[in-house]
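This report is a first walk through the structure shown below. Please keep the view open while reading.

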Amino acid sequence: MAASRIQALGLPELIREVFTSLSKSSTLATRSTALLCRKYQLLDSSEKIQFLDFVGKNHTVNLQQCVGLAKHFIGENDNDVKLKLVDKLHSSFQPEYRLLFTEMAKTEDGVHLLASMRATILEFLKARDTANEDLRLMDLTLKELLSLWFSTGLLKLERVTWKTPADVLDRVSSYELVQPIRNLSDLRRRVGAYRRCFIFTHLSMPREPMVILHTALTNEISDQIGKITREPLESNSEDLSKVNTAIFYSINSPHQGLQGIDLGHYLLQQAVVEIRREISHINTFSSLSPIPGFRSWLLSELKKEARRTTPLLLLPAEKITLQECVGGDSAIFYDLLIRAIHTNSWNQNEPLQKSLRAPLLRLCARYLCLEKRRGLALNAVANFHCKNGAQVFRINWLADTSPSGLSNSCGLMVNYRYYLEKLESNMIQYLSQQTMDLSDEVRALLVQSKL
């Protein structure tokens, strides 16, 4: 059905028309490219995948041409000819649709369309067990192109305030995933006094936030998200002499098609510059970050622990105390503990909550600092901040007791502190040696993990 609709809309013919026109003049291809973009947007999700799969199979790398040029290069002795062949080889290794996407980017809203195309591909690939190499190569090609088009020179830093146009404010509100905005009053607070909300927009999409950073101006490194997002401010006016700290408490990149393109790093950098330009005496920068995945990891590790003869997670004294709190026979201790954590009921049991504090803080330090993927932090948020040169500064107990905070990380949050003079060296150390900069407090938790 989808294939027949693609044929009925004449999309294969339009692609051929674009390439034929390009062989003569890019100006001639403009009309066909714009029509192709409009017709693509008429397709539903499954039809879009069918179309992209068709493009990936029929307009990909010309392997025969690559092989022929490679043989010619190997057999050629003239260096001048070899250099010309290098250029031809480089071009031949590019999929034909790369040129098509470049033309599509020139149309009105074309860059946005290509980002949504990549989002469609990523969603499809994520939902499939078997690899689709044609679409995987297309994803890599789109990512490379989007990385070029979303370079910092084409991005504009803007501060969002209550006077920002309503459509932009609405997007900032609806795109907020880390700390959801509940209503207009909440939105007004997030962009009001002692708050700084920064966005990147793109020259081709001037009213569309590409990445959003929410910042609170305080006089301390915050240890509870509720103090930032829920407690009422004393005044709607600012006395900036009272603040010395900027807390980055939410950063969102709402467009899935830009996944893997590190806009957040550059937004943080520019936000620091902007804040220091406005408030020169601010000298402390830190995040207050969620720890997504910690509870899932913890439950998985507890299930493994239940099968071990020698405990690796809990200290003997902790196990005894926790067993008294959850009750039941020792044979089902782990089942009861896992159930209490899975249902978040531990947070309503004061003795159990108190007894879990030490092991949860210790195990969270282990999760953040010792659990790795390819040598870097397993936790995506930790990896992001450490790649930016931040220090793992402090793990905060019951920092987010909302249902999502308990379900994601047992209510824990972490501060990643940005010492401006150490950012570059920390970044190099993390990326080259896979070593994190840790505070003494976090190091102490890790020492306990090894007892």
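## Leu368 and the cores

Leu368 touches Ile291, Ala377, Asn379, Ala382, Ile395, Val414, Tyr416 and Met436, leaving out residues up to four places away in sequence. The model in which these contacts are found is a predicted one. Leu368 belongs to the largest nonpolar core, which has 112 residues. Together with Phe51, Phe150, Phe294 and Trp346, Leu368 is among the members that touch the most other members. Helix α17, residues 350–370, gives this core its largest share, 10 residues.

## Arg362 in helix α17

Helix α17 also holds Arg362. Is Arg362 buried or exposed? Its relative accessibility is 2%, so Arg362 counts as buried; the cut-off for buried is under 20%.

With neighbours within four places in sequence left aside, the contacts of Arg362 are Leu313, Leu314, Leu315, Glu318, Leu445, Gln448 and Ser449.

## Helix α18

Helix α18 covers residues 380–387, and six of its eight residues are buried, so this helix is largely enclosed by the rest of the structure. The buried residues in α18 are Val381, Ala382, Asn383, Phe384, His385 and Cys386. One of them, Ala382, is also in the list of residues that Leu368 touches.

At the start of α18, a side-chain oxygen of Asn379 comes to within 3.1 Å of the backbone nitrogen of Val381. Just after α18, Gly389 has a positive phi of about 95 degrees.

## The eight-stranded sheet

In what order do the eight strands of the open sheet run? The order is β1-β2-β3-β4-β5-β9-β8-β10, and the pairing is mixed. The edge strands, each pairing on one side only, are β1 (155–160) and β10 (437–438).

Strand β8 (residues 391–396) pairs with strand β9 (residues 413–418) in the antiparallel sense, over five bridges. In this pairing Ile395 stands opposite Val414 of β9. With β10, strand β8 pairs in the parallel sense over two bridges, and Val392 stands opposite Leu438 in β10. Six of the six residues of β8 are buried, so the strand is largely enclosed by the rest of the structure.

## Gln391 in strand β8

Gln391 has its place in strand β8, and its bridge partner in β9 is Arg417. At 6% relative accessibility, Gln391 falls under the 20% cut-off and therefore counts as buried.

Which residue makes a polar contact with the side chain of Gln391 through its own side chain? That residue is Asp437, at 3.4 Å. Beyond four places in sequence, Gln391 touches Asn415, Tyr416, Arg417, Tyr419, Lys422, Asp437, Leu438 and Ser439. Tyr416 is also touched by Leu368.

## Charges over rings

Lys422 lies over the face of Tyr419, and here the distance to the ring centre is 5.2 Å.

## Aromatic pairs

How many aromatic pairs does a search of the whole structure find? The search finds nine. One of these is the pair of Phe248 and Phe285, which is stacked, with 6.3 Å from centre to centre and 20 degrees between the planes. The pair links distant parts of the chain, as Phe248 is in strand β4 (residues 245–252) and Phe285 is in strand β5 (residues 284–287), 37 residues apart.

Phe248 has a relative accessibility of 4%, so this residue counts as buried. Phe285 is buried too, with a relative accessible area of 0%. Ring pairs join Phe248 and Phe285 with Tyr418 in a cluster.

Methods. Residues numbered from 1 in each chain as written. Predicted model: local features only at pLDDT ≥ 70, side-chain atom pairs only at ≥ 80, totals over all residues. Heavy atoms only, no water. Core = buried A, V, L, I, M, F, W, Y, C linked by side-chain atoms within 4.5 Å. Buried < 20%, exposed > 50% of the residue type's maximum accessible area, 1.4 Å probe, protein only. Helix = DSSP H or I, 4+ residues; strand = E, 2+ residues; numbered from the N terminus. Contact = heavy atoms within 4.5 Å. Phe/Tyr/Trp six-rings, centres within 6.5 Å; stacked < 30°, edge-to-face > 60°. Lys NZ or Arg CZ within 6 Å of the ring centre and 35° of its normal. Pairing = 2+ DSSP bridges. Polar contact = N/O pair within 3.5 Å; in protein donor to acceptor, adjacent residues only side chain to side chain.
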